[in-house]
Amino acid sequence: MTGLNLSVWILSPMLGIMIFLFIFRIILTWYPQVDLNRLPFNLIAWPTEPFLVPLRKLVQPIGGVDITPIIWVGIFSLIREILLGQQGLLTMMSRLN
């Protein structure tokens, strides 16, 4: 297994899991009464919170709705497409080998 294949093998599930967690985080914003410090919700909140805190300082809630998880879904989806999509950088490099 080459380093390129290893990086694809690691990046693909990692980016997919982060997108999945942020989508669940968006769903959890619909239920403000949910305590994010209790199981199973903390399994979604703890990995996503370090990404959300700095972005919340830049992007204020719109109409009382926190849109930062939506922004991160877009960022991670873009990164995944640029690196691993059908015309992605890592995909094209792996075809050269």
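**Figure 1. Ile19 in helix H1.** Ile19 is found in helix H1; helices (H or I, at least four residues) are DSSP runs, numbered from the N terminus, as are strands (E, at least two). The model is a predicted one, in which local features need pLDDT of at least 70 and side-chain atom pairs count only at pLDDT 80 or more, while totals for chains, interfaces and linings use all residues. Residues are numbered from 1 along each chain as its sequence is written, and side-chain values use heavy atoms, with hydrogens and water left out. At 12% relative accessibility, Ile19 counts as buried; buried means under 20% relative accessible area, exposed over 50%, and partly exposed in between (1.4 Å probe, protein chains only). Ile19 and Val73 are separated by 54 residues in sequence, yet their C-alpha atoms are 5.4 Å apart in space. Not counting residues up to four places away in sequence, Ile19 touches Val73, Phe76, Ser77 and Arg80, where contact means heavy atoms within 4.5 Å.

**Figure 2. Confidence along the chain.** The protein chain has an average pLDDT of 91, and 98% of the residues score at least 70. The pLDDT is the predictor's confidence in each residue, from 0 to 100. Confidence is highest in helix H3 (residues 68–84), with a mean of 95, and lowest in helix H4 (residues 89–96), with a mean of 87.

**Figure 3. The largest nonpolar core.** In soluble globular proteins, nonpolar side chains tend to be buried together. A nonpolar core is here a set of buried Ala, Val, Leu, Ile, Met, Phe, Trp, Tyr and Cys residues joined through side-chain atoms within 4.5 Å. The largest one has 16 residues, of which Met18, Phe22, Trp72, Val73 and Phe76 touch the most other members. H1, H2 and H3 are the elements that give two or more residues to this core. The most come from H1, which gives eight residues. Met18 is in contact with Pro47, Phe51 and Phe76, leaving aside its neighbours within four places in sequence.

Figure 4. The structure holds seven aromatic pairs. Rings of Phe, Tyr and Trp (its six-membered ring) pair if their centres lie within 6.5 Å; planes under 30 degrees apart count as stacked, over 60 as edge-to-face and the rest as tilted. One of the pairs is Phe22 with Trp72, which is stacked because the ring centres are 6.3 Å apart and the planes lie at 15°. This pair links distant parts of the chain, with Phe22 in helix H1 and Trp72 in helix H3, 50 residues apart. Both Phe22 and Trp72 are buried. Phe51 and Phe76 form an edge-to-face pair, because their ring centres are 5.5 Å apart and their planes are at 75°. Phe51 lies in helix H2 and Phe76 in helix H3, so this pair ties together parts that are 25 residues apart in sequence. With a relative accessible area of 8%, Phe76 is buried, whereas Phe51 is partly exposed at 29% relative accessibility. Phe22, Phe51, Trp72 and Phe76 are linked into a cluster by ring pairs.

Figure 5. Side chains of opposite charge can pair when their charged atoms come close. A salt bridge is counted when a side-chain nitrogen of Lys or Arg is within 4 Å of a carboxyl oxygen of Asp or Glu, and the structure holds three salt bridges. One of them joins Arg25 to Glu49, with the closest N and O atoms 2.6 Å apart. It links distant parts of the chain, as Arg25 is in helix H1 (residues 3–28) and Glu49 in helix H2 (residues 42–58), 24 residues apart. Arg25 is buried, at 5% relative accessibility, while Glu49 is partly exposed, with a relative accessible area of 25%. Beyond residues up to four places away in sequence, Arg25 touches Leu36, Ile44, Ala45, Thr48, Glu49, Leu52, Arg56 and Pro69.

Figure 6. Arg56 forms a salt bridge with Glu49, in which the closest N and O atoms are 2.7 Å apart. Arg56 also meets the side chain of Asp66 in a salt bridge (3.0 Å, N to O). Arg56 counts as partly exposed at 28% relative accessibility, and Asp66 is partly exposed with a relative accessible area of 21%. Salt bridges link Arg25, Glu49, Arg56 and Asp66 in a network.
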